[in-house]
Amino acid sequence: MKRIGKLIRTFPLELVFWIGALIGILFIDPYGAQHFTLCPLENLGFHWCPGCGLGRAMSLLTKGDIAASWSMHPLAMFAFGAIGYRIFELIRHFKTTNHYG
Amino acid sequence: MANVLRHLPELEGMELGYIQGILKNMDDDQANLFAQVYRARRKDNQMVLILCLLGFFGFAGLHRFILGQVGLGILYIFTLGLCFIGTIVDLVNYKSLAYEYNIKVAHETLSMMSNNTNYFPNANTKTGDNA
């Protein structure tokens, strides 16, 4: 029981989330007209928010379609940079944040 | 050996254990100084939680700015917290975010104290062995 509690507390949720997000983006089909969405705003009935199209834009970027990516959402390149840097930082601090010394 | 509960009683959980690991190599004067500097610089995890909640009202990513992650802060603020998904994840994860930042601050404080030996004026006057 104590082991499970410790496992939950030290589980690297954020790292798993970012890496999972990047893997998910690789599997999106950006050219499909209608698609399954996780977006809570879309599911609530709002059809536009400032982040709309970011996933598709990042997906287009991995396929090399830079112009289409820019018109879908201009922050795609920046998002890759920021998320990649964050993953790097999380892995770099992984050891020091869990144990002293 | 200094006791963390005497110098920084507001800490809890993993942070408490970590800071105790740092303080066990210090005497009381050093621990007192460390506690003052660390308390002034650390971020409370409740502040991270509240700034994170502001994300639901259109001001997403303020907690990322506060924790020094400017890139992700800009990304969050321009995409409404990655369409709320990032905000919700950070809402679950706010303690780890604050903990990670505080550990970094603790290490900065430690290296600052070890770089600057004049940082311990009280220790010198009391023991008199470092003159």
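Start with confidence. The model as a whole scores ipTM 0.79 and pTM 0.80. Chain B has an average pLDDT of 85. In that chain, 89% of the residues reach at least 70. Over residues 123-131 of chain B, pLDDT stays under 50. The model gives this stretch 4 contacts beyond four places in sequence. Where pLDDT is low, the predicted coordinates should not be read in detail.

Now look at how chain B is built. Its secondary structure consists of 9 helices and 0 strands. Follow the sequence and the pattern reads α-α-α-α-α-α-α-α-α. Of the 131 residues in chain B, 37% are buried. Take the contacts in chain B between residues at least 6 apart in sequence: 58% of them join residues at least 24 apart.

How do helices pack in this model? Two packed helices are described by the angle between their axes and the distance between the axes. Find helix 2, residues 13-23, and helix 8, residues 85-115, in chain B. Their axes come within 11 Å and cross at roughly 15 degrees. An angle under 35 degrees counts as roughly parallel, so helix 2 and helix 8 of chain B are roughly parallel to each other. The crossing of helix 2 past helix 8 in chain B is right-handed.

Which residues meet there? Helix 2 of chain B supplies Met14(B), Glu15(B), Tyr18(B), Ile19(B) and Ile22(B). Helix 8 of chain B supplies Tyr99(B), Asn102(B), Ile103(B), Ala106(B) and Leu110(B). Sorted by class, this contact of helix 2 with helix 8 in chain B has 8 nonpolar residues, 1 polar and 1 charged.

From helix 4 of chain A come Leu54(A), Ala57(A), Met58(A) and Leu61(A). From helix 6 of chain A come Ala76(A), Met77(A), Ala79(A) and Phe80(A). This contact of helix 4 with helix 6 in chain A has 8 nonpolar residues, no polar and no charged ones.

Pick out one residue from that list. Ala79(A) sits in helix 6 of chain A. Is Ala79(A) buried or exposed? It has 26 C-beta neighbours inside 10 Å, so Ala79(A) counts as buried. Ala79(A) and Gly55(A) are 24 residues apart in sequence, yet their C-alpha atoms are 9.6 Å apart in space. Leaving out residues up to four places away in sequence, Ala79(A) touches Leu54(A), Met58(A) and Leu75(B).

Chain A gives 24 residues to it and chain B gives 22 residues. On the chain A side, helix 2 (13-26), helix 3 (40-44), helix 6 (76-92) and helix 7 (94-98) each give two or more residues. Helix 6 of chain A provides the largest share, 6 residues. By class, the side of chain A that touches chain B has 15 nonpolar, 6 polar and 3 charged residues.

Conventions:
Residues numbered from 1 in each chain as written. Chains lettered and ligands numbered in written order. Predicted model: local features only at pLDDT ≥ 70, side-chain atom pairs only at ≥ 80, totals over all residues. Axes fitted to C-alpha atoms, helices over the stretch in contact; angles between N-to-C directions. Helix = DSSP H or I, 4+ residues; strand = E, 2+ residues; numbered from the N terminus. Parallel < 35°, antiparallel > 145°, perpendicular 65-115°, else oblique. Left-handed = near helix turned anticlockwise from the far one by under 90°. Contact = placed C-beta atoms within 7 Å. Nonpolar A, V, L, I, M, F, W, Y, C, P; charged D, E, K, R; others polar. pLDDT = per-residue confidence, 0-100. Buried ≥ 20, exposed ≤ 12 C-beta atoms within 10 Å, placed from the backbone.
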